[in-house]
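Please open the model in a viewer and keep the sequence alongside it.

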Amino acid sequence: MISFRTQFCRGVTLLLLLLVEVANSANAPLRMPHAMVVAQEGIAAQVGAEVMKAGGNAIDGAIATAFALAVTHPAAGNIGGGGFLLYRPAQGEPVLYDFRETAPQASRPDMWLVDGKYDAQRHHNSHLAVGVPGTVAGLYQAWREHGKLPWSRLLAPAIRLASQGFIVSDELSSSLRSGLQRMQNYPAAVAQFSNHGKPYEQGARLVQKDLAVTLELIARQGSDGFYKGRIAQLLVEEIQRGGGVLTLQDLANYRPLARTPLRGTYRGYDVLTVPPPSSAVALIEMLNVCEGYDLRDMGFGTTATLHLMTETMRRAYADRAHYLGDPAFNPSMPIQRLLSKDYAEYLRTTINLKAASVSEVGQFEWPPESPQTTHLSIVDEARNAVALTYTLEAAYGSGIVAPGTGFLLNNEMGDFNAQAGLTNEQGLIGTTPNLAAGGKRMLSSMSPTILSKQGQLFMVTGSPGGRTIINTVLQTILNVVDHNMNAQAAVDAGRLHHQWLPDTVVTEAAAFSKDSLTALSTMGHRLSTRESIGAAQVIVVNQRDGMLEGGADKRDPDSTVSGY
Ligand code: DON
């Protein structure tokens, strides 16, 4: 029997004539004429490129890549989580597929309390933390409405990768090593993601038989294969065994939503991104504020620019915390006001260009978040574009695999606020729009975004990183539009983050000059550093020759540009 590896290599060799795949890092973007995928893991990126080479469009490529990532990038690629897929066809109306998880019907705002006291374990690391998964239903709806190739063709590479295995990279090996701690109470998860309890070393083959069977079921039955029948049964049995409240009815009732994308403009570019329950409203708000300043003249990484960006971020994140949540439960969110140029004008009047302002609520820490969501950007030959960000929330989600199912369950319920009115030094936020309730979608920061100019596709961008996502996406856009960087340079450039509270500017270590940072601190900003922020995956269409230019974020070494 020919091994999967041999078959795979043959396929790849053929494709290499036209397909280029590069571990890119030196600020020069990879350029391709026809189609491109930029994703956080190389085998999955290549799967998407092959699907487009075989006649699929950007939606087909995105779906195939997303299912492949559920196998090859298990920390965040998923079928047990949720996310957002933004589609901008070359012709016709764009659409946003919202497949964010929903809270099980029995959820309540006080569900994280034990004897009246907030319990973080229950909120983030328990069977109660599992939201109703949306990924399979969302991808299936996107395919039904815009896919070109057969559904089963899009799952076939993922099924092969799961059943025959793939070689564990250095990055995956170390990721699994830390992920195993999260899984230790769940034998089916440990069995799937370790070599008889020992972490997989680089070069080992990771085979996931149960996952292959589940994917086959989905390939045959569409989303019913996931939300009804055997998988649903096994999933609910595990949840109930562990004291969760998710039911068969919750699964059967899950619906993805096709929403009208959020629209903004920035210096003549049209910007499409995600409406609530994402908080990408803050992205448009920040772009509107930045538009009033000559960032190009101010320069990348200068004190003036860093100060202005910080003050902009502070204000947008305050609005995020105060106003945003699931629109179905918050009918009077002031979205139009937050998006308006007038509001940006007002915000600019509150910014002192010489001194830091102060976030008005007492100091407290937001819950820690690791960059464990994943984003992919795709453009096809016709210049249809997809920006897709999806997640299990934490790396490896809840760490729970229901025995026999082969996939990790999310812990997305942790994105709901902890307790009404409770805001404290430990990182709890008590605003009402994002309290848990049955059927409600938890507020997200995921912001897959697409820019165009005069009707022509210009840029596809997005990133993981929890609350830092919106700022990372903002910076990729400013880097390209204002600082004239190419896609790779825009991704590589150092990042900063401010999220209202804690009132601290976080910068990547060595990202900006010491002089700029010292001056920033003299202006009154409190500074801290982090090793890295986000993992943006970007495509820019070169305005002179129409070539696709990719920027893969080597903050995660497996990120790859693939295409032809
Ligand atoms: O939806 C959200 O905003 C988060 N659950 C995303 C999580 C993420 O990016 C991983 N951790 N930072």
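In what follows, buried means under 20% relative accessible area, exposed means over 50%, and partly exposed lies in between (1.4 Å probe, protein chains only). The model is predicted: local features need pLDDT of at least 70, side-chain atom pairs count only at pLDDT 80 or more, and totals for chains, interfaces and linings use all residues. Residues are numbered from 1 along each chain as its sequence is written, and side-chain values use heavy atoms, with hydrogens and water left out.

Begin by selecting Gln 40, in the loop that joins strand E3 (36–39) to helix H2 (42–53). Helices (H or I, at least four residues) and strands (E, at least two) are DSSP runs, numbered from the N terminus. Gln 40 has a relative accessibility of 2% and is therefore classed as buried.

Next, display helix H6 (residues 151–164) with helix H9 (residues 209–221): their axes come within 8 Å and cross at roughly 170°. H6 is therefore roughly antiparallel to H9, a term for angles over 145 degrees. Axes are lines fitted to C-alpha atoms, for helices over the stretch in contact, and angles run from 0 to 180 degrees between N-to-C directions. Residues making the contact (heavy atoms within 4.5 Å) include Trp 151, Leu 155 and Ile 159 of H6, and Leu 211, Leu 215 and Ile 218 of H9.

Then turn to two residues with positive phi. Arg 267, in the loop between strand E11 (262–266) and E12, has phi near 50° although it is not glycine. Arg 267 is partly exposed, at a relative accessible area of 28%. Tyr 396, also not a glycine, has phi of about 65° and sits in the loop between strand E14 (385–391) and strand E15 (449–453). Is Tyr 396 buried or exposed? At 1% relative accessibility, Tyr 396 is buried.

Finish with the cis peptide bonds. One runs from Pro 276 to Pro 277, with omega near 20°; Pro 277 is in the loop between strand E12 (269–273) and helix H13 (281–290). Another, from Leu 501 to Pro 502, has omega near 0°, and Pro 502 occupies the loop between strand E17 (496–497) and strand E18 (505–508).

Methods
Parallel < 35°, antiparallel > 145°, perpendicular 65-115°, else oblique.
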